[in-house]
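The stops below are meant to be selected in order.

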Amino acid sequence: MSNPAYSLRQLSYFVAVAEAGTLAGASASLHVSASALSLALDELERALDAQLTVRRRAHGIRLTPAGQETLRRARRLLREADELADAAAGDPGEVAGTVRVGCYTTLAPGLLPAAIGRFTADHPRARVEFVEGSQDLLARGLLGGELDVAVLYDHRLDPALELTAVSANTPHLVLPRGHRLLRGEAPVALADLAGEPMVLLDLPPSSEHALGVCLAAGLSPRVRYRTANAETARALVGQGLGFTVLAQADPEAGRREEVVAVPIAEEPAPLPIVLAWSGQVAPTATARAFATAVTSCGPAV
């Protein structure tokens, strides 16, 4: 097997330039001259016999289709190189290296801390870097090689992603305390809320799913307020400004005085929670170990 004509340093420079969008930005982050970065890109393109970038003065760097594919693969190679170096310094079979994790924003508080705690306790030489965001953002990160694994709702995900079931959340209704329909913790029919304003968690796929649950129950919701923050949605409900439908559990349930979460009488189907990774790339040993930590933490989200 012949040695590759490119180096890990060239790949790391290429990734830095691609992520920064300019030679100057990558130069500042790496503390390497722009001319050295430009030379490394030239050498990498010659080694791969492909044009990876379009470099225009004052317009930054644009990746060609070959460059986009190389970026995805380069990120993977660099992560595996880091994992190899970390593993070589430890005991045989020990999980080491960095796993880059994405988590849908509303799932993160109930899932990530426990999963990271379990993972780092079981694998003290491994590290977790995580990002929270919308499902579209995280799916792009997986397919683009920026993330190793992500925790998402299984709702209209890209078919290029591989999925493993974790648990499921059943949507529930949040009403202001003292609402006319509340009877303790008894289920409330969404259809009985006709004409009342809705506070929508406007963070796909939560927004699409909540509206779908309402429509399936025969309620055409009148959305009064939109927010990308579940806590803001609950606070608006607490002020008597509407109702909301949420899938994720409330970590402060039982201690809130202003809102009450109750089951929905129409019994909407649970929304599955999954671990996802790119179907184009096999997960690293560190990513697989993190996946085990997630599934062993149970459905407390």
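The tour goes from a sheet to a helix across it, then to cysteines and salt bridges.

This is a predicted model, in which local features need pLDDT of at least 70 and side-chain atom pairs count only at pLDDT 80 or more, while totals for chains, interfaces and linings use all residues. Residues are numbered from 1 along each chain as its sequence is written, and side-chain values use heavy atoms, with hydrogens and water left out.

Select the open sheet of 5 strands, whose order is 4-3-5-12-6 with mixed pairing. Its edge strands, each pairing on one side only, are strand 4 (126-133) and strand 6 (161-169). On average, neighbouring strands here are turned by 20 degrees against each other, direction ignored. Strands (E, at least two residues) and helices (H or I, at least four) are DSSP runs, numbered from the N terminus. Two strands pair if DSSP finds at least two bridges between them.

Next, show strand 3 (residues 97-104) beside strand 4: the two run parallel and are joined by 8 bridges. Pick T98 there; its bridge partner in strand 4 is R127.

**The helix across it**

Axes are lines fitted to C-alpha atoms, for helices over the stretch in contact, and angles run from 0 to 180 degrees between N-to-C directions.

**Cysteines**

How many disulfides does a search of the whole structure find? The search finds 0, a disulfide being a pair of cysteine sulfur atoms within 2.5 Å. Select C103, which is buried at 0% relative accessible area, and then C214, also buried at 0%. Buried means under 20% relative accessible area, exposed over 50%, and partly exposed in between (1.4 Å probe, protein chains only).

**Salt bridges**

The structure holds 8 salt bridges, each a side-chain nitrogen of Lys or Arg within 4 Å of a carboxyl oxygen of Asp or Glu.

- E196 and R180: the closest N and O atoms are 2.8 Å apart. Both residues are in the loop between strand 7 (172-176) and strand 8 (197-201), 16 residues apart. E196 is buried, at 17%.
- D202 and R226: the closest N and O atoms are 3.7 Å apart. D202 is partly exposed at 31%, whereas R226 is exposed at 54%.
- E231 and R234: the N to O distance is 2.7 Å. Because they are 3 residues apart in helix 8 (residues 230-238), about one helical turn separates them.

Finish with E19, R75 and E146, which are linked in a network of salt bridges.
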